[in-house]
Amino acid sequence: MKPLGVCDKCGDFEGSCKCGRGKVLLDGKKRELVSKFLSRLLRHFPHSFGVEVDEGGWADLDKVVDVVKERHGVGKKEIELIVKFDPKGRFEIKNGKIRAKYGHSIKVKVDWSESSEIPPVLYHGTHPANVPSILKRGLLPMKRREVHLSETIQDAIEVGRRYHPNPAVLAIDAKGMIKAGFEIRKKGRVYTTDHVPPKFIKRIL
Ligand code: HQG
């Protein structure tokens, strides 16, 4: 990932600041490490770190800052930069609280959504070995609370590459799902739903 920093003249920046006088607060490696820690903390293991997450997914920002500071030695500004520049919009900060927008395994109410049109077709990248079962049972949340869908084929390929160098890509008839009464939510660059029945799924790669 690119470094993150602050500059008196250019403001917060990703990469390098335009005037060259800015200060990098997180190098790319550290940014990724802390971002992954935040995902684990807010999606899966808040209690292991003494953090409380309410049913909307929100945790007290200062408490999270304390936990992150203790483990990784970085403060509030660094966390704010990670949230601000996250390429997938993984997190949200509001009113002194922070939450992961998607990906949870812990019990949270996942029915929030950003106001936006849902594209007629969405995509899902996965291990090719999962495809027969998916075409039979549909897409299920498995260990998480929701099924996650991508806006572009390229994003779906990247999701699938976490499992296999040549992932399978499924096209999801989002328009048909909505017409049939299913809810699809937008969260950052990711779309989520509770279940995708097989009839809305077509393998394209
Ligand atoms: C599969 C990351 C067999 C499903 C990513 C997937 C994403 C089935 C796996 C986000 C199945 C679940 C979520 C069925 C679903 N039979 N396999 N019936 N139904 N599966 O990690 O979508 O970078 O929970 O295909 O980029 O891979 O962390 O979901 O392979 O956006 O922000 O079961 O997490 O985002 O795996 O990934 P996951 P996902 P971040």
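## Polar contacts

A polar contact is a pair of N or O atoms within 3.5 Å; within protein, one must be able to donate a hydrogen and the other to accept it, and residues adjacent in sequence count only if both atoms are side-chain atoms. This is a predicted model: local features need pLDDT of at least 70, side-chain atom pairs count only at pLDDT 80 or more, and totals for chains, interfaces and linings use all residues. Residues are numbered from 1 along each chain as its sequence is written, and side-chain values use heavy atoms, without hydrogens and water.

The side chain of Arg162 places an N or O atom 3.0 Å from a ligand oxygen. For the side chain of Arg90, the distance to an oxygen atom of the ligand is 2.7 Å. Gly138 uses a backbone N or O atom, 2.9 Å from a ligand nitrogen.

## The shell

The ligand is surrounded by 20 residues (a heavy atom within 4 Å). Lys88, His124 and Ser133 are among the closest. By class, eight are nonpolar, six polar and six charged.

## Where the shell comes from

α4 (131-137) and β7 (121-126) each supply at least two shell residues. Helices are DSSP runs of H or I, at least four residues; strands are E runs of at least two. The largest share, three residues, comes from α4.

Domain 1 (4-100) and domain 2 (121-203) both contribute to the shell, so the ligand lies between them. The domain bounds come from an automatic or database assignment.

Notes: Ala, Val, Leu, Ile, Met, Phe, Trp, Tyr, Cys and Pro count as nonpolar, Asp, Glu, Lys and Arg as charged, and the others, Gly among them, as polar.
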